[in-house]
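Here are my notes on the model you sent over. They are set out as numbered points, to be read beside the coordinates.

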Amino acid sequence: MERQAPGGRGGRAVTLRILLTDAAAGAYGPRIRSIVPDVRFVVYPDHPDGDRRPVGPDDFDLAWGFRGALRRTDPGSFADLLDRSTSLRWLQSFSAGNDQPVIRRLIDRGVLVTASRAGAVAIAEFVLRSVLGHYQQPDRWQLARESEQWAPGDFREVWGTRWLIVGLGAIGTATAVRARAFGAEVVGVRRRPAGDEPVDAMIDPGGIAGALPAADVVVLAVPGTPETHHLVDERFLGAMQPGSVLVNVARGTLIDDRALLAALDRGCPEVAILDAVTTEPPGPGHPYWRHERVVLSPHTSSRGTQVERRQGELFLENLARYVDGRPLRDRLD
């Protein structure tokens, strides 16, 4: 049976206009048409500085976001088109959260917005790799090799460590699964537990302070909201144990930078692995560039080679659900 887009009158299908990039239209156009034969692609150029075809804010009904789509808000940008649109009914976001102002405004005015779990696997792998790198210190082997020294030595294991994962959405869940596979004990933090989280224990945000002294690894995976602003402050850091690792793969606003630098100077936590910082990139001379206890990466944890593929599959699944009138996956509220 042929699927019909919502909004038809008298049983007639309505042409759906989808705002998407050149690359998405080229890679997924035939599969999109197999779901919605009567579809019109409104193409937004992939390169933000390229020549834009004229696209008006009411030229589309659905929008498929791409990496970095909401960072620019200048006139004619993807985010600006969404913000000014009165025809938009559904946005498939590339982000896992709802902390971008544009997304919040869309939700407030009744636009359906769905999040993306596409980056969760890549981010979780990044977290495990980062912690393993700190524990095993492979750079010392390279230095020994360059000087032709055979220097065996011990390294810390993930097995038997306790992880506190603050935020158990898609990213936190994927991280928990992988940490437990290494033999770690995982405590998850979530406001509204579902009951099936892959962790050894669940606590609510009020229990974080009590859990910090026993945590070897603390992973931040919550959105940047007014409630989480400077979640990691002097009190939070003061409760962390010696030798602990702090990993931020969420938003830089979660951390009070001055408090973190002071704590690192005292040696607790032992290291801060920061894939997100308040100002990206940090300004010239910022201590994060050179601090010996900071591992800094350019907000790159979600840039796995299979993220785009998973994003495409998610959009196709949600598109089929949309035209069939079924609930969409990962709806934001």
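1. Which residues does Ser87 touch, not counting residues up to four places away in sequence? This is a predicted model, and in it Ser87 touches Arg17, Pro57, Asp58, Asp59, Phe60 and Asp61. Ser87 sits in the loop between α2 (78-84) and β4 (90-92). Its relative accessible area is 16%. The cut-off for buried is under 20%, so Ser87 counts as buried. One of its neighbours, Phe60, also makes a polar approach: the backbone oxygen of Phe60 lies 2.5 Å from a polar atom of the Ser87 side chain.

2. Now the overall picture. The protein chain has 333 residues, and 49% of them count as buried. It contains 10 helices and 12 strands. Its C-alpha atoms fill a box of roughly 75 × 45 × 35 Å along the principal axes. Take the contacts between residues at least 6 apart in sequence: 61% of these join residues at least 24 apart.

3. Next, the sheet. Seven strands form an open sheet in the order β8-β7-β6-β9-β10-β11-β12, and the pairing is parallel. β8 (201-203) and β12 (294-296) are the edge strands, each pairing on one side only. From one strand to the next, the twist averages 15°.

4. Look at strand β6 (residues 162-166) within that sheet. Why is β6 described as largely enclosed by the rest of the structure? Because 4 of its 5 residues are buried. On one side, β6 pairs with β7 (residues 185-189) in the parallel sense, over 5 bridges. The chain goes from β6 through helix α6 (residues 170-181) to β7, and this β-α-β crossover is right-handed. Helix α6 lies across β6 and β7, and runs at about 170° to β6.

5. β6 also pairs with β9 (residues 217-220): the two strands run parallel and are joined by 4 bridges.

6. Continue from β9 to β10 (residues 245-248). These two strands run parallel, with 4 bridges between them. Here Val217 stands opposite Val245 in β10. Further along, helix α9 lies across β10, β11 and β12, at about 140° to β11.

7. What about the packing? In soluble globular proteins, nonpolar side chains tend to be buried together. In this model the largest nonpolar core has 31 residues, and the members that touch the most others are Leu164, Val218, Leu220, Leu246, Ile255 and Leu260. At least two residues of this core come from each of β6, β7, α7 (208-211), β9, α8 (234-238), α9 (257-266) and β11 (271-274). The most come from α9, which gives 5 residues.

8. Which residues does Leu246 contact, leaving aside its neighbours within four places in sequence? Leu246 is in contact with Val218, Leu220, Val232, Leu237, Met240, Ile255, Leu260, Pro269, Val271, Ala272 and Ile273. There is also a second, separate core of 28 residues, with Ala120, Tyr135, Val217 and Val249 among them.

Conventions
Residues are numbered from 1 along each chain as its sequence is written. This is a predicted model: local features need pLDDT of at least 70, side-chain atom pairs count only at pLDDT 80 or more; totals for chains, interfaces and linings use all residues. Side-chain values use heavy atoms; hydrogens and water are left out. Buried means under 20% relative accessible area, exposed over 50%, partly exposed in between (1.4 Å probe, protein chains only). Two strands pair if DSSP finds at least two bridges between them. A crossover is right-handed if, with the strands pointing away from the viewer, the path from the first strand over the helix to the second runs clockwise. A polar contact is a pair of N or O atoms within 3.5 Å; within protein, one must be able to donate a hydrogen and the other to accept it, and residues adjacent in sequence count only if both atoms are side-chain atoms. Contact means heavy atoms within 4.5 Å. A nonpolar core is a set of buried Ala, Val, Leu, Ile, Met, Phe, Trp, Tyr and Cys residues joined through side-chain atoms within 4.5 Å. Axes are lines fitted to C-alpha atoms, for helices over the stretch in contact, and angles run from 0 to 180 degrees between N-to-C directions.
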